[in-house]
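Visitor: I have a structure open in the viewer and I'd like to learn how to read it. Could you walk me through it?

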Amino acid sequence: MAARKKKRIFIRGTYFDYPSLFLIIFLLLFGLMMVYSISSYKASVSLDDSAYYLKRQLMFGAGGFAVMLIMSKLRYQILKKWSVVIIIGTILLLLSVFVIGKASNGSTRWINIGFISFQPSEIAKLSLIIYTAYICTEKSGYLKTLLGTIIIMIIPVVCVIIIAVENLSTAVICAVIVIAIWFVSTPKPIYLLFVVLAGALFLYLFITLFSYRSDRLDAWKDPEHAANGYQTMQALYAIGSGGLFGRGLGQSVQKLGYIPEAHNDMIFSVVCEELGIIGGAALIIVFVMLLWRFRFIAEGAPDRFGALLVVGVIAHLGFQIILNISVVTNLLPNTGVTLPFISYGGSSLSFLLVELGVVLAVSRQIVPIGNTKEVAQQ
């Protein structure tokens, strides 16, 4: 009997989702444009280089885009074999933050390795997507009972709790990722109710244990009079002053030192100020189009593992977009979450592009009608 042919790590594929790629490129270019427009004043005044933030974002974006293209050629099934190693390595990184972490804005979330600083919690998003997709595929029998579900979800829950100690908003995003993959794998409403109640208790405890989080609730309820409501009020002023069509690209007033870190978490408010409500709505439509393409990829995935990987990315991207825009418009308390593709942040952009590379890798294995034989031979 002939030896079984070893499958290659990288494949050519018979399909590639070019619409998703074009939307990603558009969002990257739009994000770079807005980062420069909004940060040029601050960079010119404080760093004597108006393009400082643009150049850094461009460097990370170009590197992340290159890795994304490499990942898109990966036989994504290989991730299943390394999922346990990936999640253990991520947990060790998260724990190392408490030992060698770098403090920023009152929280220790960063690890500095000389030429670059990054947040392990950004890596945790992708790690949780891979590991949760793995256990919901390979250990699906456990999902039939509540006890079995609890057993196989111990590691993801531990990971989320570690993140929550210093970064509650990212922990909530990671929890949504895990819940979305789990619920798609076994849609049982009674289990979902249990998870929602446990999550609500979890949030209540973390908010009441740390006073600065309860202060954010006060700022959310009455930003005009709360001590911590200044940033929210300036963001709302920016949105209101932009009107329907905006002041014009580069013409923002609020970016001139009124909104703290305008090129980060609150960037959507300046997008609306410069491009108007029409521009902000158009950006949201592009996000929806990208998520819709990902839905198509998930439905066409050749196996359960691939479909769940894409579901995890949809949950991450969709929820983080909703969370950021809701914070900027004061629909939710301030959480410090960036707007994907648009906000300044090299490490977060790079890791996001790696995630999207996994989605494109799944799309490459979609089997077009009539080409099943060719795909099977790869």
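Guide: Happy to. Accessible area here comes from the Shrake-Rupley method with a 1.4 Å probe. Keep in mind that this is a predicted model. With that definition, the protein exposes about 18100 Å², and carbon and sulfur atoms supply 69% of that area.

Visitor: How many helices and strands does the protein have?

Guide: There are 14 helices, along with three strands.

Visitor: And what share of the residues is buried?

Guide: For that you need a cut-off: buried means under 20% relative accessible area. Of the 378 residues in the protein, 49% are buried.

Visitor: Let's move to helix packing. How are two packed helices described?

Guide: By the angle between their axes and the distance between the axes. Start with helix α7, residues 168–185, and helix α12, residues 304–328. They pack at an angle of about 140 degrees, and their axes are 9 Å apart.

Visitor: Are α7 and α12 parallel, antiparallel, perpendicular or oblique?

Guide: Angles over 145 degrees count as roughly antiparallel, and 65 to 115 as roughly perpendicular. The angle of α7 with α12 is about 140 degrees, so the two helices are oblique to each other. The crossing of α7 past α12 is right-handed.

Visitor: Which residues make that contact?

Guide: On α7, look for V172, I173, V176, I177, A180, I181, V184 and S185. On α12, the partners are R304, L308, V311, G312, A315, H316, F319, Q320 and L323. Sorted by class, the contact of α7 with α12 has 12 nonpolar, four polar and one charged residues.

Visitor: What happens where α4 meets α12?

Guide: Helix α4 covers residues 120–138. The axes of α4 and α12 come within 9 Å and cross at roughly 140 degrees, and the crossing is right-handed. From α4, the contact uses K125, I129, I130, A133, Y134, C136 and T137. From α12, it uses R304, F305, L308, L309, G312, V313, H316 and Q320. By class, the contact of α4 with α12 has nine nonpolar, four polar and two charged residues.

Visitor: Then how do α4 and α7 pack?

Guide: Their axes are 10 Å apart, at an angle of about 15 degrees. That makes α4 roughly parallel to α7, because angles under 35 degrees count that way. α4 passes α7 in a right-handed crossing. S121, K125, L128, I129, T132, A133 and C136 of α4 meet T170, I173, C174, I177, V178, I181, W182 and S185 of α7. The classes in the contact of α4 with α7 are 10 nonpolar, four polar and one charged.

Visitor: Now some single residues. Is L74 buried or exposed?

Guide: L74 sits in the loop between α2 (52–72) and α3 (78–100). Its relative accessible area is 10%, so L74 is buried. Look also at V362: L74 and V362 are 288 residues apart along the chain, yet their C-alpha atoms are separated by 8.8 Å.

Visitor: And L92, buried or exposed?

Guide: L92 lies in helix α3. With 55% relative accessibility, L92 counts as exposed. L92 and C159 are 67 residues apart in sequence, and 9.8 Å apart in space from C-alpha to C-alpha.

Visitor: Where is G336?

Guide: In the loop between α12 and α13. G336 has a relative accessible area of 32%, so G336 is partly exposed.

How values were computed:
Residues numbered from 1 in each chain as written. Predicted model: local features only at pLDDT ≥ 70, side-chain atom pairs only at ≥ 80, totals over all residues. Heavy atoms only, no water. Helix = DSSP H or I, 4+ residues; strand = E, 2+ residues; numbered from the N terminus. Buried < 20%, exposed > 50% of the residue type's maximum accessible area, 1.4 Å probe, protein only. Axes fitted to C-alpha atoms, helices over the stretch in contact; angles between N-to-C directions. Left-handed = near helix turned anticlockwise from the far one by under 90°. Contact = heavy atoms within 4.5 Å. Nonpolar A, V, L, I, M, F, W, Y, C, P; charged D, E, K, R; others polar.
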